[in-house]
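This briefing goes through one structure by topic. The notes are meant to be read beside the sequence and the 3D view.

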Amino acid sequence: MELIKVEENELEKIKREAYQAATEVCEGAKLRAGDLFVVGCSTSEVLGEKIGTHSSLDAAGALFAGIHGALCERGIFLAAQCCEHLGRALIVEREAADRYGLEEVNVIPQPKAGGSFATTAYREFHDPVAVETLKASAHAGIDIGGTLIGMHIKPVVVPLRIATKKIGEASLICARRRPKFVGGSRAVYNEELL
């Protein structure tokens, strides 16, 4: 599998779409500084190809710049999910791993074993670590191209509809957590948390 190069104007478009999508999820999920945001990403799907067939560090760089930029503005941690070749391990900043009690594992993602997005996160983070699991502690996230991220989000995971439907050619599935309902028929719930 050869890594795909992408034209500069397409990269700028991908970066803008990624920034917009991340911003919409942050707002829709009412995220706060210190929250954890998970991203699963197929750069192949972003480029209109089948997942796992046309990995692109160029596209990953644009995606990372857009998403990470939106999250950094809000003080939100990014967790970049690796592909199934690394058991969907995640790349996070050491500060996030420490805050959320995540155990470091020894693996360095590569475009063909971990994916281009996780590889880019590992290269761009200040102090990256790989963790095997987020222990279902993420508050929200974006699945770019059908990579499956729900297992990383706190229960109860609910879909989040945003205006941005695609990044490049990849469909988006966004999710957020909602606190569990407790009580019975007489319980009253906080509408802000729904």
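**Helix α3**

The buried residues of α3 are Ala 59, Ala 60, Ala 62, Leu 63, Phe 64, Gly 66, Ile 67, His 68, Ala 70 and Leu 71. The model is a predicted one. The points below cover the helix itself, then the strands, a loop residue and the aromatic side chains.

- Helix α3 takes in residues 57–74, which is 18 residues. At 1.5 Å a residue the helix should span 26 Å, and its end C-alpha atoms lie 25 Å apart, so the two values agree.
- The N-terminal end of α3 is capped by Ser 56, which places a side-chain oxygen 3.4 Å from the backbone nitrogen of Asp 58.
- Just after the helix, Gly 75 has a positive phi of about 70°.
- An α-helix has 3.6 residues a turn, so residues three or four places apart point the same way.

- Strand β2 is made up of residues 77–81, and five of its five residues are buried.
- Both faces of β2 are covered. Phe 77, Ala 79 and Gln 81 are buried on one side, and Leu 78 and Ala 80 are buried on the other.
- In a regular strand the side chains alternate between the two faces of the sheet.
- β2 pairs with strand β1 (residues 36–41) in the parallel sense, over four bridges. Within this pairing, Val 39 stands opposite Ala 80.
- β2 also pairs with strand β3 (residues 90–93), here in the antiparallel sense and over two bridges. The bridge partner of Ala 80 in β3 is Ile 91.

**Strand β9 and its partners**

- Strand β9 (residues 170–177) pairs with strand β6 (residues 140–144) in the antiparallel sense over five bridges. Gly 141 has Ala 175 of β9 as its bridge partner.
- Strand β7 (residues 157–159) runs antiparallel to β9 and is joined to β9 by three bridges. Pro 159 stands opposite Ala 175.
- Strand β8 (residues 166–167) is an antiparallel partner of β9 over two bridges. Ile 167 stands opposite Ala 170 in β9.
- β8 and β9 form a hairpin with two residues between the strands, and Gly 168 in this hairpin takes a positive phi near 60°.

**Thr 164**

- Thr 164 belongs to the loop between β7 and β8.
- The relative accessible area of Thr 164 is 13%. The cut-off for buried is under 20%, so Thr 164 counts as buried.
- The side chains of Thr 164 and Glu 24 are joined by a polar contact of 2.6 Å.
- Apart from neighbours within four places in sequence, the residues in contact with Thr 164 are Glu 17, Gln 20, Ala 21, Glu 24 and Leu 172.

**Aromatic side chains**

- There are three aromatic pairs in the structure. One of them joins Phe 181 and Tyr 189, with 4.5 Å centre to centre and 50° between the planes, and is tilted.
- Both residues of that pair have intermediate accessibility values: Phe 181 is partly exposed at 42% relative accessible area, and Tyr 189 is partly exposed at 33%.
- Phe 181 also has the charged end of Arg 178 over its ring, 4.0 Å from the ring centre.
- Phe 64, Phe 117 and Phe 125 are linked by ring pairs into a cluster. Phe 64 is also one of the buried residues of α3.

Notes. Residues numbered from 1 in each chain as written. Predicted model: local features only at pLDDT ≥ 70, side-chain atom pairs only at ≥ 80, totals over all residues. Heavy atoms only, no water. Expected span 1.5 Å × (residues − 1). Buried < 20%, exposed > 50% of the residue type's maximum accessible area, 1.4 Å probe, protein only. Polar contact = N/O pair within 3.5 Å; in protein donor to acceptor, adjacent residues only side chain to side chain. Phe/Tyr/Trp six-rings, centres within 6.5 Å; stacked < 30°, edge-to-face > 60°. Lys NZ or Arg CZ within 6 Å of the ring centre and 35° of its normal. Pairing = 2+ DSSP bridges. Contact = heavy atoms within 4.5 Å.
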